[in-house]
Amino acid sequence: MSRPRYTKLRRDLWHARGRVVLMIVAVALSLIAIGAMLTARTVVLREAAANYAATHPASATLDVAGGVTGDLLEQVRTRPGITEATARQTVTARVRVGGTWHRMLLFVIDADDPLRVARFDVERGAWPPPADGLLLERSALAVLGGPRVLTVTAPGGRSGSFTVTGVVHDAALAPAAQERTGYGYLTPAGLSRLGLSPNRDQLKIIVSGNQDAVDARARELAAWLTAGGHAVHAVQAPPPGRHPHQNQVDTITLLFLGFAAAALVLAAVVVATTLGGMLAQQTRQIGVLKTLGATTGQVLGTYLLMTLTVAVAALILAAGPSVLAGLALTDLMAGLLNLDITDTSVPLRVFAALAAAGLGVPLSVALVPLTRAARTTVRSALDHRGATASRTRQRAIRIPGGNRMLSFAVRNALRRRGRLMLTLVLLTVGGALFTGGLNTADAWNTWVREGLARRSYDTEITLTAPVSADRLTALLRDVDGLSAAEPLAVLPATPVRDGQAEISRTYPDGGHGAFNLIALPAKSPLIDFEILEGRWLDTGDQDGAVINQGAATRLGNPRPGEKITLSVEGRTRVLRLVGIAAEVGGPAAVYTAADPAVPTATAIRLAHDDPSVPGQVERYLATAGIHAQTVMPVTELSMAIDEHVLIFIQTLIVLAALMAMVGALGLASAMGIAVTERTREFGIMQTIGATSRTVRLTIIWEGLAIGLTGCLIALAVGVPLSAGVGSFLGRLSFGLPLPLELSVTGMAAWTVLGLAAATTATLTAARRASRLTIRETLAYE
Amino acid sequence: MTADVITLNGVTKTYPTPAGDFLALDKTDLAVVPGEFVAVTGRSGSGKSTLLNLLAGIDRPTSGQIQVAGTDVHLLPESRLSSWRGRTIGMVFQFFQLLPTLTVAENVMLPMDFCATYPPRLRRPRAMELLERVGIAEQADKLPATLSGGQQQRAAIARALSNDPPVLLADEPTGNLDSATAEVIWELFAAQAASGTAVVAVTHERDLGRWAHRRIDLADGRIATGATR
């Protein structure tokens, strides 16, 4: 850097160090966001795949009536295309923690099972547990209150106490907190203690190949089993190699990466604006350089090097924190996915992408103003006299009813229209992303809150066996504190498309990918889902059906009036679609009106205020020989949804705050430049009688005018942006766009922040300008 | 007979203004030989600065031909003008226009850097030699702001000479200096002309007879006196 042009570059940077620091901070902040998102996304996706693969998840699970004998299992293992097979059983039981019932999935595994399929890591204790013991999945410990002894209530109502003899990690399951479910691992001997007969009715197989290959092998095996007299009730084949939450994490991190990239573009605009301002001050110098022989390329190269210096400094500043923030985010997401992060190494491609973005974006954005400045002719550069009035405007702007100072401020703001536009773009994008982020977070909360409010029941009890709905209603008529009880039948179903039953994509947790047929009273007073198309069920709609948005996707988005076909308990049912409803917090479901002639219920929904009611109901039912399988309060559903989305909302808010910071830095930079380049003008104002206070107020009014304009545009642009992001996130999470919700807090916060940033930025510049003596200002070049 | 280093043939320059085209220079002919010191005088708006800008390739003529050091300046593409200017023209401004963040020596080295006329190792010695010639070698490592006006203008002259240009153009080089300092500056220009450089200086000072070989008086865009030697 001994050549004079580089010496000039170095000293110019030092001379404008305040602005240089501002540019570096703006770029570094956005790079930290990008780096963090890239790191988290890369590490989490890699580790999720590795964790999930390490469990050797079953490619498909076939529910075989009567269970799978050892001989049958051996035969299955020798079937073509099947690399491994085992037989297991999953029982849905429940446990009470405090006053709340939780679903409890019991995975029943033979003590001598070689654990080559759907395996888990024993983190504490040993497998197999004794008959009176079980192992808990680690994420269930917190949900269940970290018990040493767990009393499990089996379907049928019989309870048994188990010592928690160990803890396992099963990366194939979504974390217990999100599903509000406990996961226990025990042997058939343990299951017998609950009065249940082990029957190994789940045949789990591993098939190599993609989803089509898995489906084909599973269908082939189901046909072979059926032909051999072993009825297959259902076939489940979740997407191969993909964790139940992986798709969601994949898409949402990509969206957040987009937000972070927008922040970088915003920071690059800050760089371009600031450099543009610095160049405006150096216009004459550019003219001099050209008279001394500097070519446009040399001038451009020097200023590009200046940009590169800023970008490199920001990159160096951001590299460490971005990886640290990324790993912190990785930890949070690992919790979301119940993963063990065994390898935190960040691939070189992440750094390469960060470097490419960090250097490429500022250089690309700055290229336009830099090229324009470098191509300035010597004549116009030497004639440069700083900010001038617009030549196109014939008459001066006057604010109707406004004071002279405000009119003056607006005219000043309009003098540099290009820069004004950039500043407004900066404020608009920053503010729109900020308010858009908060609007989306609000929409998310509103959607969940209002969606759950459409369920007027408080508890749902599933039964161990179907019973008459009329009998249920009659039995519960006298329960104190029960304001409503509604029997319903919930049956696992499979969509049939093109004449072929879809293989269920349900994961082993039974929740992700589930699809149910629900028969309930047509005029149910306990649910009031929003109707998106068509109508809700009517009395007499015996073959009519309403589907929720999840089912609509699975069924190929049929329209009301069309027929839909399901496979339920091995039989095909054809229903006439009458409506599509929006449902929050439930799996894909098809609702039909219960047949009044033969009403059968597998569950009952209860509305009550008294928390002891579900217990009373259970006792009433037990007296009649009807046993509860699970008891699920609606509050648990709310918590489950919250657990799923909380981290995303928090990340969205952090990104929104980042946008706000970059936008505020941009405004500060623009105002600083605007004031600096009019230094001489302030001297002239003072020579004709303006006081320091007048100078200060002029600048502050100007900053406020720009800040307010930027805020208003940002608020307006934030609305369609919120709608777009809400649509994307809503469709991803719930299958429907989120409603457009305007966060009053967010909009007020941005307005206050924008005006505060404008005032702070201009105050600093104004104070500096008003402190200069007239001689200093008039001598300013 | 020495060949002209500057030739203007029928050069006209008009500028568009809101009030209509302004004729800055009207069908002007001029020739300057190497080693000649020409003082250009005239009232404000007479076309002095326009003449200088046309010679330096900063402006292009509306019509006519300009040849400087054997190059048809009016035909040079924009992309080649800068490096041509750096090697052919030394420019001295009224307000010195030294780059404020570079030392005096670095300012002098800058044209050599841009035009690569001297290898890097020779640039500093060359700058020192020029500063010695203009009498401010001891100020070489100071920033321009710490120098007096006269010293800054001497530094600007040293910078203008750094690439050994055949033509030195000065736009009111003493306009910002006291009369004693102005004398020193004119003496430097005269010495440079004596060494073979053509010097064209725009000035308001009409009494440069001691230094300049010829005075051209411009009025309303035309050469009133001094068009020929």
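## A buried salt bridge in chain A

Asp113(A) and Arg88(A) are both buried. In this predicted model, their side chains meet in a salt bridge, with 3.0 Å from N to O. Arg88(A) belongs to strand 2 (residues 82–97) of chain A, whereas Asp113(A) sits in the loop between strand 3 (100–108) and strand 4 (121–124), so the bridge ties together parts that are 25 residues apart in sequence.

## Other salt bridges within a chain

Over all chains, the search of the whole structure finds 32 salt bridges. One of them pairs Arg46(A) with Asp343(A), whose closest N and O atoms are 3.8 Å apart. This pair links distant parts of the chain, 297 residues apart: Arg46(A) is in helix 2 (residues 17–54) of chain A, and Asp343(A) is in the loop between helix 10 (296–337) and helix 11 (348–374) of chain A. Arg46(A) is partly exposed, at a relative accessible area of 27%. Asp343(A) is also partly exposed, and its value is 31%.

In chain B, the side chains of Glu183(B) and Arg210(B) form a salt bridge with an N to O distance of 2.2 Å. Glu183(B) is part of helix 6 (residues 179–194) of chain B, and Arg210(B) is in the loop between strand 8 (198–202) and strand 9 (214–219) of chain B, so parts 27 residues apart in sequence are tied together by the pair. The relative accessible area of Glu183(B) is 28%, which makes this residue partly exposed. Arg210(B) counts as exposed, with 60% relative accessibility.

## The interface of chain B and chain A

Between them, chain B and chain A bury about 2,300 Å², and 62% of this area is on carbon and sulfur atoms. Three residues, Thr101(B), Asp113(B) and Phe114(B), supply 29% of the area that chain B buries against chain A, more than any other three residues. In terms of contacts, 28 residues of chain B meet 21 residues of chain A.

There are 3 salt bridges between chain B and chain A. The side chains of Arg11(A) and Glu106(B) meet in a salt bridge with an N to O distance of 2.5 Å.

On the side of chain B that touches chain A, at least two residues each come from helix 2 (78–88), strand 6 (89–92) and helix 3 (104–115) of chain B. Helix 3 of chain B gives the largest share, 7 residues. Sorted by class, this side of chain B has 14 nonpolar, 8 polar and 6 charged residues.

Salt bridges that share partners join four residues, Arg3(A), Arg5(A), Asp113(B) and Arg123(B), into one network. Asp113(B) is also one of the three residues named above for their share of the area that chain B buries against chain A.

## Arg159(B), buried without a salt bridge

Arg159(B) is located in helix 5 (residues 149–161) of chain B. This residue is buried yet has no salt bridge, and the nearest side chain of opposite charge, that of Glu106(B), is 11 Å away. Glu106(B) itself is paired with Arg11(A) in a salt bridge.

What does the side chain of Arg159(B) make a polar contact with? The partner is the side chain of Asn107(B), at 3.4 Å. Leaving aside residues up to four places away in sequence, Arg159(B) touches residues of chain A, Val288(A) and Leu292(A), as well as residues of chain B, among them Phe93(B), Phe96(B), Leu98(B), Leu99(B), Val108(B) and Pro111(B).

## Chain A as a whole

Chain A contains 22 helices and 21 strands. The C-alpha trace of chain A spans about 100 × 60 × 50 Å along its principal axes. Of its 781 residues, 54% count as buried. Among contacts in chain A with a separation of 6 or more, 84% are between residues 24 or more positions apart.

Ala469(A) is in helix 15 (residues 469–475) of chain A. Is Ala469(A) buried or exposed? Ala469(A) is buried, because its relative accessible area is 10% and the cut-off for buried is under 20%. The C-alpha atoms of Ala469(A) and Pro521(A) are separated by 10.0 Å, while the two residues are 52 residues apart along the chain.

Definitions and conventions. Residues numbered from 1 in each chain as written. Chains lettered and ligands numbered in written order. Predicted model: local features only at pLDDT ≥ 70, side-chain atom pairs only at ≥ 80, totals over all residues. Heavy atoms only, no water. Helix = DSSP H or I, 4+ residues; strand = E, 2+ residues; numbered from the N terminus. Buried < 20%, exposed > 50% of the residue type's maximum accessible area, 1.4 Å probe, protein only. Contact = heavy atoms within 4.5 Å. Buried area = accessible area lost by both parts, 1.4 Å probe. Nonpolar A, V, L, I, M, F, W, Y, C, P; charged D, E, K, R; others polar. Lys, Arg positive; Asp, Glu negative; His and termini not counted. Polar contact = N/O pair within 3.5 Å; in protein donor to acceptor, adjacent residues only side chain to side chain.
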